[in-house]
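I opened my notebook to look up a few things in this structure.

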Amino acid sequence: MYTPNHFGVTDPQTLHDFVRDHSFATLISVIDGVPFASHVPLLLRCDAAGDHLCGHVARANPHWQHWAEGAPVLAIFHGPHGYISPSWYAKGPAVPTWNYQAVHATGTIRLVDDPAATLTALTGFYEPAGIAAQVMPAEYVSKLSEYIVAFELDVTQWEGKFKLSQNRPQADQDGVVQALHARGETALAAAMQPAAAPQVSGINHLTLAVTDVARALRFYVEGLGARLHAQWDGGAYLTVGGQWLCLSLDADRAAHRTTTDYTHLAFSVTPADFAPLCARLAASGAPSWKDNRSEGDSFYFLDPDGHRLELHVGDLASRLASCRVRPYAGMQFY
């Protein structure tokens, strides 16, 4: 991809966030000298071995039969895009152009033996609340899996290009943003606007330390009407009116050491704002009370009155998707 310096994006976190937000990809291979494309949603998974894009195609699609040869495969992800009129600039002369965001991932593909697991991970990402068993019975999923081929693309190279008028004077950029808003193209306008000062965007989740997971579930599900999404030996994930609630088995709570248990409130923060906010909190003297060991970036800190708080990147959907790939001990999904 031709990428002038002022349009290039190389930050891994920015590229990862873009792919998760715009996960429907065009998957391209060259077969017998001719380009062949499939259009599929891809789920990004990152581990110590690198970055991987998980997906599936119909078994009747001949595309997958050529992946075993180890030839490179290209996945293209598109974001908001649109026509830019030179009449929107502060002054001319100028010509029309097109603003857009695109990310390319190049790598090789491995076929996966368990297509049902890939299907479950994908549906879990897009429907974190789950799909009712009567709508998607297990035996139906098992039968459906016979007609798909699951794969993981092991990414060897990322390329990002966000062409958003960075090469134009600020007055021209302001004019383009104003015109895009007027045309209702708010996503492209938002992509062009400079980032605001880092801040939390709302309550992410509440974690409550419990001494008996089963007893706590009876109280919150049967007593309060919370919805259960997953449980494991050491806790459970629920929602209450759409709000994420985590129950966590904690020995300190059982010993009545309530000043040291795991109960805390988490705030949502974007990936771009996470590091600046952590630095600002550290500079203010806010002490950390725990190291992060969970999916997604987290920073655990105390407020001036000693309340336990957390900054967290991600949501229940991303947590459940991660757990479906690497479940906790005894984990079940609902």
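**Entry 1: the edge of a sheet**

I started with serine 288, which stands opposite phenylalanine 301 in E15. Two strands pair if DSSP finds at least two bridges between them. E14 and E15 are joined by two bridges and run antiparallel. Helices (H or I, at least four residues) and strands (E, at least two) are DSSP runs, numbered from the N terminus.

I noted the ground rules here. Residues are numbered from 1 along each chain as its sequence is written, and side-chain values use heavy atoms, with hydrogens and water left out. The model is predicted: local features need pLDDT of at least 70, side-chain atom pairs count only at pLDDT 80 or more, and totals for chains, interfaces and linings use all residues.

**Entry 2: the whole sheet**

In what order do the nine strands of the open sheet come? I read E14-E15-E16-E13-E9-E12-E11-E10-E17, with mixed pairing. Strand E14 (288–290) and strand E17 (332–333) stand at the edges. Each has a single partner strand, so one side of each is left without a neighbour in the sheet.

I then checked the E17 end. Strand E10 (residues 227–232) pairs with E17 in the antiparallel sense over two bridges. Alanine 230 stands opposite phenylalanine 333 in E17. Helix H9 (residues 316–325) packs on the sheet and touches E10, strand E11 (235–240), strand E12 (243–249), E16 and E17. The direction of H9 makes about 150° with that of E11. That angle is between N-to-C directions and can run from 0 to 180 degrees; axes are lines fitted to C-alpha atoms, for helices over the stretch in contact.

**Entry 3: the hairpin**

E15 and E16 pair in the antiparallel sense over five bridges. I found leucine 311 in E16 as the bridge partner of phenylalanine 299. The two strands, E15 and E16, form a hairpin with five residues between them. Glycine 306 in the turn has a positive phi of about 85°.

Is E15 enclosed or open? Four of its five residues are buried, so E15 is largely enclosed by the rest of the structure. Buried means under 20% relative accessible area, exposed over 50%, partly exposed in between (1.4 Å probe, protein chains only).

**Entry 4: helix H8**

I looked up which residues of H8 are buried: Asp273, Phe274, Leu277, Cys278 and Leu281. Seen down the axis of H8, they fall within an arc of 135°, so they line one face of the helix. The arc is that of the directions from the helix axis to the C-beta atoms. I recalled that an α-helix has 3.6 residues a turn, so residues three or four places apart point the same way.

The buried residues of H8 pack against strand E15 (298–302) and strand E16 (308–312). Contact means heavy atoms within 4.5 Å. The face turned away from the buried side of H8 carries the exposed residues Ala272, Ala275 and Ala283. After H8 comes glycine 285, with a positive phi near 95°.

**Entry 5: serine 85**

Serine 85 is in the loop between strand E6 (73–84) and strand E7 (97–112). Serine 85 counts as buried, at 12% relative accessibility. Its side chain makes a polar contact of 2.6 Å with that of serine 87. A polar contact is a pair of N or O atoms within 3.5 Å; within protein, one must be able to donate a hydrogen and the other to accept it, and residues adjacent in sequence count only if both atoms are side-chain atoms.
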